[in-house]
Amino acid sequence: MIDMSDKVAIVTGGASGMGQITARRLAQQGAKVAIFDVNDKALEETAAEADNITAFHCDISDLQDVQAKVAQVVSALGPIELLVHAAALMPAHKLIDHTHEGMEQLFRINYFGTTYMVRAVLPAMMARGRGRIIAFGSIAGIALVPKMGAYCATKAAVNAYIEVLQNEIRGSGVHVHLVCPPAVNTPLVDQTISGDTPGSILEAKKGGRLGDPEKMIDAIEKGVRKNKDIIYPKEAKLLYLWRALFPKLWWKVVMNFEK
């Protein structure tokens, strides 16, 4: 990705999926990696893979917990050079069936969890005039699908927040990247499949067409090395253009999967 030897990185969602892959790769590069997650068993197992991975149980939807755990990382490992924010929740419900409580929880985790993590590390990075933040938005915030309206809304909010932030702090020495991946074969997608799954995702899972997480991280690392503001790995850019240029066709196709 970038030279992180002996530097400190925080990876949220670091006990599974693309967060875990990123944490492993950073550890192999010699970084001091703090992984945040709420799955204690997976945290313990991931941290046991390398001496330079340290586990922290952190609920990113809780501002006080985020601030406390980030402070613990700084105290134990040193100043944070990199934040990779991959943690998220991705349930599937028709909007008419999605409870207010469920939608509020989704925003607390996906959107406010992003703002809490960014604001917890950004001031110190700006004071030093260096640092990097890689935040996972989603192509789902642009290429919308049925049965995931609330998730799409949270990711549209994340996409907007990070893009504005990039431009507000440009020239500060802190680099911010927005990653908009398509559906990837990770436990996050399994959350969706266990619910009222969008037909397009279910068909992609059955047909083996979901993105390979290792290859997705390869594409993200390439984008970071090129210092791209917004990274659309693999087919994500095609989905972005399709939805932007031919919205009626987009909806016709995705709704056909629901029949």
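Reader: Which helix gives the largest share of the lining of the second largest pocket?

Author: Helix 8 gives the largest share, three residues. Helices and strands are DSSP runs, H or I of at least four residues and E of at least two, numbered from the N terminus. On a 1 Å grid over the protein atoms alone, a cavity is a set of points where a 1.4 Å probe fits but cannot get out, and a pocket is an open set with protein on both sides within 12 Å along at least five of seven lines; lining residues have an atom within 4 Å of a point.

Reader: What kind of model is this, before I go further?

Author: A predicted one: local features need pLDDT of at least 70, side-chain atom pairs count only at pLDDT 80 or more, and totals for chains, interfaces and linings use all residues. Residues are numbered from 1 along each chain as its sequence is written, and side-chain values use heavy atoms, leaving out hydrogens and water.

Reader: Back to the pocket. Which elements each supply at least two residues of its lining?

Author: Helix 8 (213–225) and strand 7 (230–231) each do.

Reader: Which residues line the second largest pocket?

Author: Ala 219, Lys 222, Gly 223, Lys 226, Lys 228, Ile 230, Ile 231, Tyr 232, Pro 233, Lys 234 and Lys 237. By class, the lining has five nonpolar, one polar and five charged residues. (Nonpolar covers Ala, Val, Leu, Ile, Met, Phe, Trp, Tyr, Cys and Pro; charged covers Asp, Glu, Lys and Arg; the others, Gly among them, are polar.)

Reader: Where does Asn 227 sit?

Author: In the loop between helix 8 and strand 7. Asn 227 is not a glycine, yet it has a positive phi of about 60°.

Reader: Is Asn 227 buried, partly exposed or exposed, and what is its relative accessible area?

Author: Asn 227 is partly exposed, at 36% relative accessible area. Buried means under 20%, exposed over 50%, and partly exposed in between (1.4 Å probe, protein chains only).

Reader: What about the phi of Asp 6?

Author: Asp 6 has a positive phi too, near 65°, and is likewise a residue other than glycine. Asp 6 lies in the segment before strand 1 (8–12) and is exposed, with a relative accessible area of 56%.

Reader: And Lys 7, where is that and what does it touch?

Author: Lys 7 is in the segment before strand 1 and is partly exposed, at 33% relative accessible area. Apart from neighbours within four places in sequence, Lys 7 contacts Ala 31, Lys 32 and Glu 81. A contact means heavy atoms within 4.5 Å. Lys 7 and Gly 78 are 71 residues apart in sequence, with 8.1 Å between their C-alpha atoms.

Reader: Switching to the end of the numbering. At what angle do helix 9 and helix 10 cross?

Author: The axes of helix 9 (residues 236–245) and helix 10 (residues 247–256) cross at roughly 115° and come within 5 Å. That makes helix 9 roughly perpendicular to helix 10. Axes are lines fitted to C-alpha atoms, for helices over the stretch in contact, and angles run from 0 to 180 degrees between N-to-C directions. Under 35 degrees is roughly parallel, over 145 roughly antiparallel, 65 to 115 roughly perpendicular, and the rest oblique.

Reader: Which residues make the contact of helix 9 with helix 10?

Author: Helix 9 puts in Leu 239, Trp 242, Arg 243, Ala 244 and Leu 245, and helix 10 puts in Pro 247, Leu 249, Trp 250, Trp 251 and Val 253. Nine of the contact residues are nonpolar, none is polar and one is charged.

Reader: How about Asn 159, buried or exposed?

Author: Asn 159 is buried, with a relative accessible area of 8%. Asn 159 is in helix 5, and beyond neighbours within four places in sequence it contacts Gly 137, Ser 138, Gly 141, Ile 142, Leu 178 and Cys 180. Asn 159 and Cys 180 are 21 residues apart in sequence and 8.0 Å apart, C-alpha to C-alpha.

Reader: Where is Gly 171?

Author: Gly 171 is in the loop between helix 5 (149–168) and strand 6 (174–179). Gly 171 is exposed, with a relative accessible area of 79%. The C-alpha atoms of Gly 171 and Gly 129, 42 residues apart along the chain, are separated by 9.1 Å.

Reader: Last one: how many helices and strands in the chain, and what share of residues is buried?

Author: The chain has ten helices and seven strands. Of its 259 residues, 51% count as buried. Among contacts between residues at least 6 apart in sequence, 68% join residues at least 24 apart.
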